[in-house]
Amino acid sequence: MELHPIMSSKGMNSPSAQFVTPSRLGIYEPIHQLGTWGGNIKSNGNPSTSTPMIVEVDTKLDTQSEDTSHGTFPPSNKYEQEASKPVDKIQRRLAQNREAARKSRLRKKAYVQQLESSRLKLVQLEQELERDRQQGLYMGGGVEGSQIGFSGPVNSGIAAFEMEYGHWVEEQNRQICELRSALQAHISDIELHILVEGGMSHYFELFRLKSAAAKDDVFYVMSGMWKTAAERFFFWIGGFRPSELLKVLHPHLDTLTDSQFMDVNNLRQSCQQAEDALSQGMDKLQSTLADTVAAGQLVEGGCIPRIPTAMEKLEALVSFVNQADHLRQETLQQMFRILTTRQAARGLLALGEYFQRLRALSSIWATRPREPA
Amino acid sequence: MDKITRLVSEKGVVIFSKSSCCLCYAVIILFQELGVNPVVCEIDQDPEGREMEKALTRLGCNAPVPAVFIAGKLVGSTNEVMSLHLSGSLIPLLKPYQ
């Protein structure tokens, strides 16, 4: 239907319709393509917001094409054009082609932009849906605290973290494959060392990401909602337990020397002690926060002086998450200082596969066939 | 600052803390677990607390508390204590005081 305005303007320029030559007909093909762009959107019967936008673009371009036509040709005797220097015809056809192509490009651009924004909206909706679904699974007691930040609009810092974490997991999986093949291929220690360093840096990168996210929303990091369900089961202050790390590595360290064995035992003990100390600190934080909130509710007019104290406690939570991550990082570093490159590579592979299996377990659990209620 | 210097030179293991600070509590628990009874100074309950906090911050720790001193020397805050312990270097420092 958009073709008609164009055709009628052509009709105005060339009053003798009988001069419509095959070459003239050829001109209309690019314009027909324009019709396709619009046609695709209209024909599916979808009352999308894109349709009016594209039609508007058309009308604007149509007027421009009329202007271009007038501009290209001398305003005087139209019959002289028809009588024909072939050069004029060719020029005219070229100009019309250019115009049609330009219109087509603009339409395409508008269409793509509309697709892009729809895609973003879809991603956002999917995230909200996932969150609501998990909230439904988890909200056993209907704790108020979990509603803040889950049912509300997605925090952009957290959304960014989730995306970065997704990339992190992909890279982690790639590194695990690489490590596995490298160990099977018996590559040199020097090359293996590079892989080990890369693996360690990758973990440290995660701690950096978490630190930023904790500043944004510490409850979110503490909740573990960014991890799979099975990983969440083992959660301790925003991540895996450092002592658990050592337990996972232990069976794969069958070639330790005596001094290594002693070092590993000492590390295990000090790691456990540090972990216990932080756990007790967290318990104290919980109980004092509970006291603060409880006292604030009981005392009339006493709420206001209490609130700053409660806020301080929540700030302290960020420090705890950072300390827990610091402990994880130090445990990793110490472990790999004790081990040889080859032992470290095997250890990293074991650790990576362990978390991979936990993630797989979560998927299997989530998709298990369930009895209808 | 004088109060700090005096305390740390007199006592072997000194931890500057605040009664509301749970991370300080965690460090104190760790030391007790290692068989040491540190001298704990709660600066929020000390009349000279404000100056002490300023002095401790000037010493370069990222947080004024907890600040751990062993044998008169500043060991650091939570980060440093944890790193030392995991590397096995904390216990040798504490040996004389266990």
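Predicted model: local features only at pLDDT ≥ 70, side-chain atom pairs only at ≥ 80, totals over all residues.
Residues count from 1 along each chain as its sequence is written, and chains are lettered from A and ligands numbered from 1 in the order in which they are written.

**View 1. Where chain A meets chain B.**
In this view, 21 residues of chain A and 17 residues of chain B are in contact (heavy atoms within 4.5 Å). The two chains bury about 1700 Å² between them, with 67% of it on carbon and sulfur atoms; buried area is the accessible area (1.4 Å probe) that two parts lose on being put together, summed over both. On the chain A side, A:Gln273, A:Lys284 and A:Gln323 lose the most area to chain B, and together they make up 28% of what that side buries.

Look for salt bridges between chain A and chain B and you'll find zero (the rule wants a side-chain nitrogen of Lys or Arg within 4 Å of a carboxyl oxygen of Asp or Glu). Polar contacts do turn up: four residue pairs, both partners at pLDDT 80 or more. Such a contact is a pair of N or O atoms within 3.5 Å; within protein, one must be able to donate a hydrogen and the other to accept it, and residues adjacent in sequence count only if both atoms are side-chain atoms. On chain A, α12 (258-298) and α13 (303-338) each supply at least two residues of the side touching chain B, and α12(A) gives the largest share, 12 residues. Helices here are DSSP runs (H or I, at least four residues), numbered from the N terminus.

A:Gln172 sits in helix α7 (residues 156-184) of chain A. A:Gln172 is buried, at 5% relative accessible area (buried means under 20%, with a 1.4 Å probe and protein chains only). Its side chain makes a polar contact of 3.1 Å with the side chain of A:Tyr203. Beyond neighbours within four places in sequence, A:Gln172 also has A:His202, A:Gly352 and A:Arg359 among its contacts.

**View 2. A:Glu231 and its surroundings.**
Helix α10 (residues 229-233) of chain A holds A:Glu231, which is buried with a relative accessible area of 5%. Setting aside residues up to four places away in sequence, A:Glu231 touches A:Tyr165, A:Phe355, A:Leu358, A:Arg359 and A:Ser362.

Note on methods
Heavy atoms only, no water. Buried < 20%, exposed > 50% of the residue type's maximum accessible area, 1.4 Å probe, protein only.
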